Amino acid sequence: MPITTRTTTTTSSGVAVHHISFRGTAGAIFVLLAISCVLYVIGFATTSWAHSGSSRYGLWESCSCGTLSGNAEHTAVQAMITIGLIGLLIAMILICIYMCVHTFSKNTVILALVIVCFLAVLFMLIGFIIFGINSGSSVNWSFVVTVIASILCLIAGILSIVQMRSAGLR
């Protein structure tokens with residue numbers, strides 16, 4: 001399957017130029033967000049966020065398959081991490097729209113992508129901080145995978161700024 005490239009040119013009126021290619025910056029943003037989504041969902045769904053002795057705890061269950069009775073801090077972590085997941089999924093939809101749907105304004109979509117990426121990372125970071133402060137035990141692999149996914153989302157947000165700037169948006 002050939003890889004297609006779409007280029008928008010500038011007119012004398014100063015319209016932004018968007019070079020959209022799966023091989024360019026937009027493609028890198030897409031790949032980063034796709035990997036981030038997969039890793040984040042894995043970390044989100046598993047029960048190895050923290051461990052204490054032989055017990056493991058996730059956002060939603062403990063390793064004994066009992067539902068966690070949530071205190072206010074745990075409920076706040078669940079809310080922040082869930083909002084981060086929703087933001088990540090919206091960012092994935094936006095990069096697909098940016099790359100594949102040509103009826104939307106590319107300027108508006110890339111600006112929305114930048115905003116959504118950074119807001120998602122902000123909510124994720126708040127959730128990580130609350131969890132880290134209140135966990136009282138060692139973090140485990142699910143937490144680490146989720147943090148890695150948020151770092152990839154942050155990098156995608158930074159690359160979105162680069163893409164926006166290269167198109168002439170300030």
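**Ground rules**

I number residues from 1 along each chain as its sequence is written, and since the model is predicted, local features need pLDDT of at least 70 and side-chain atom pairs count only at pLDDT 80 or more, while totals for chains, interfaces and linings use all residues. Side-chain values use heavy atoms, with hydrogens and water left out.

**Whole chain**

I started with the elements and found 4 helices and 5 strands. For both I rely on DSSP runs numbered from the N terminus (helices are H or I, at least four residues; strands are E, at least two). Read from the N terminus, the order is β-β-α-β-β-α-α-β-α.

Next I looked up burial: 39% of the 170 residues count as buried. My cut-offs are under 20% relative accessible area for buried, over 50% for exposed and partly exposed in between (1.4 Å probe, protein chains only). The accessible surface of the chain is about 8900 Å², and carbon and sulfur atoms hold 69% of that. Those areas come from the Shrake-Rupley method with a 1.4 Å probe; for residues, only the protein chains shown count as cover.

I also checked contacts, meaning heavy atoms within 4.5 Å. Among those between residues at least 6 apart in sequence, 67% join residues at least 24 apart.

**α1 against α2**

I took helix α1 (residues 25-45) and helix α2 (residues 72-100), whose axes come within 10 Å and cross at roughly 150°. That makes α1 roughly antiparallel to α2. The labels go by angle: under 35 degrees is roughly parallel, over 145 roughly antiparallel, 65 to 115 roughly perpendicular and the rest oblique. My axes are lines fitted to C-alpha atoms, for helices over the stretch in contact, and the angles run from 0 to 180 degrees between N-to-C directions.

The crossing is left-handed, i.e. the near helix is turned anticlockwise from the far one by less than a right angle (clockwise would be right-handed). On the α1 side I noted Phe30, Leu33, Tyr40 and Phe44 among the contact residues, and on the α2 side Leu85, Leu88, Met92 and Ile95 are included. The residues of this contact split into 19 nonpolar, 4 polar and no charged. For the classes, Ala, Val, Leu, Ile, Met, Phe, Trp, Tyr, Cys and Pro are nonpolar, Asp, Glu, Lys and Arg are charged, and the others, Gly among them, are polar.

**α3 against α4**

I then turned to helix α3 (residues 106-134) and α4, with axes that come within 9 Å and cross at roughly 155°. So α3 is roughly antiparallel to α4, and their crossing is left-handed. Contact residues include Leu111, Val114, Phe118 and Phe128 from α3, and Phe143, Val147, Leu154 and Ile161 from α4. By class I get 17 nonpolar, 5 polar and no charged residues here.

**Single residues**

Ala149 lies in helix α4 (residues 141-166). Its relative accessibility is 0%, so Ala149 counts as buried. Leaving aside neighbours within four places in sequence, Ala149 is in contact with Ser36, Leu39 and Tyr40. The C-alpha atoms of Ala149 and Tyr40 are 5.3 Å apart, although 109 residues separate them along the chain.

Gln78 is in helix α2. At 15% relative accessibility, Gln78 is buried too. Not counting residues up to four places away in sequence, Gln78 touches Leu59 and Trp60.

Gly132 is in helix α3. With a relative accessible area of 42%, Gly132 is partly exposed. From Gly132 to Val77 I have 9.8 Å, C-alpha to C-alpha, and 55 residues in sequence.
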